[in-house]
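Dear colleague,

Please find below the structure that I am handing over to you. My findings on its helix packing and on several individual residues follow.

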Amino acid sequence: MHYGVLYVLLKLGVQPLIASGIGFVGGAGTRFALAYWRVFTPSHGLTTAGRRFVVVLGIQAAANTAMLGLLLAGGVGVWPAQIATTIMLTFGNYVAYRLWVFR
């Protein structure tokens with residue numbers, strides 16, 4: 001979802017960091033649903049996991065914006081920069097989800 005929204009917004013002329021941020025938020029629901037019901041076996045209810053997810057989501061959003069901004073400022077194109085950022089954040093996201101959000 002993130003990349004689909006990013007693609008559309010870029011085509012509409014939205015600045016890359018803003019487009020990525022909107023796409024990131026757009027994909028949050030999908031990430032939560034898949035993680036909660038398919039990837040992890042939560043040891044607590046939807047409300048607790050949801051609150052924890054929002055905390056981690058805020059950190060992820062800030063990290064996504066910072067990393068993407070640094071790569072773009074360094075001359076990397078939007079798509080390679082976003083893909084690299086996603087890959088770099090995936091490992092930290094998994095650890096946060098596994099050890100805290102869905103534990």
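I begin with the packing of helix α1 (residues 2–11) against helix α4 (residues 78–101): their axes are 12 Å apart and the angle between them is about 160 degrees. Helix α1 is therefore roughly antiparallel to α4, a term that applies to angles over 145 degrees, while those under 35 degrees are roughly parallel, 65 to 115 roughly perpendicular and the rest oblique. Axes here are lines fitted to C-alpha atoms, for helices over the stretch in contact, and angles run from 0 to 180 degrees between N-to-C directions. Helices (H or I, at least four residues) are DSSP runs numbered from the N terminus, as are strands (E, at least two residues).

Please note that this is a predicted model, in which local features need pLDDT of at least 70 and side-chain atom pairs count only at pLDDT 80 or more, whereas totals for chains, interfaces and linings use all residues. Residues are numbered from 1 along each chain as its sequence is written, and side-chain values use heavy atoms, with hydrogens and water left out.

Helices α1 and α4

On the α1 side the contact (heavy atoms within 4.5 Å) is made by H2, Y3, L6, Y7 and L10, and on the α4 side by V78, W79, Q82, I83 and T86. By class, the contact of α1 with α4 has seven nonpolar, three polar and no charged residues. In this classification Ala, Val, Leu, Ile, Met, Phe, Trp, Tyr, Cys and Pro count as nonpolar, Asp, Glu, Lys and Arg as charged, and the others, Gly among them, as polar.

Helices α1 and α2

Helix α2 spans residues 16–39; its axis and that of α1 come within 7 Å and cross at roughly 145 degrees. This crossing of α1 and α2 is right-handed. From α1, residues H2, V5, L6, L9 and L10 meet P16, A19, S20, I22, G23, F24 and G27 of α2. The contact of α1 with α2 comprises eight nonpolar, four polar and no charged residues.

Helices α2 and α3

For α2 and helix α3 (residues 46–73), the axes come within 10 Å and the crossing angle is roughly 145 degrees. The crossing of α2 and α3 is right-handed. Among the residues of α2 that make the contact are P16, S20, F24, R31, Y36 and W37, and those of α3 include L46, F53, Q60, N64, L68 and L72. By class, the contact of α2 with α3 has 14 nonpolar, six polar and one charged residues.

Individual residues

S20 belongs to helix α2 and is buried, with a relative accessible area of 0%; buried means under 20%, exposed over 50% and partly exposed in between (1.4 Å probe, protein chains only). The side chain of S20 makes a polar contact with the side chain of N64 at 3.0 Å. A polar contact is a pair of N or O atoms within 3.5 Å; within protein, one must be able to donate a hydrogen and the other to accept it, and residues adjacent in sequence count only if both atoms are side-chain atoms. Neighbours within four places in sequence aside, S20 is in contact with H2, L6, N64, L68 and Q82.

H2, in helix α1, is buried because its relative accessibility is 10%. A polar atom of the H2 side chain lies 3.2 Å from the backbone oxygen of S20. Not counting residues up to four places away in sequence, H2 touches S20, G23, F24, G27, N64 and Q82.

L6 is likewise a residue of helix α1, and its relative accessibility of 0% makes it buried. With residues up to four places away in sequence left out, L6 touches P16, A19, S20, W79 and Q82. Y7, also in helix α1, is partly exposed, with a relative accessible area of 45%.

Y36 lies in helix α2 and counts as buried at 13% relative accessibility. Apart from neighbours within four places in sequence, Y36 is in contact with P42, H44, G45, L46, A49 and F102. The C-alpha atoms of Y36 and I83 are separated by 24 Å, the two residues being 47 apart along the chain.

Yours sincerely

How values were computed:
Left-handed = near helix turned anticlockwise from the far one by under 90°.
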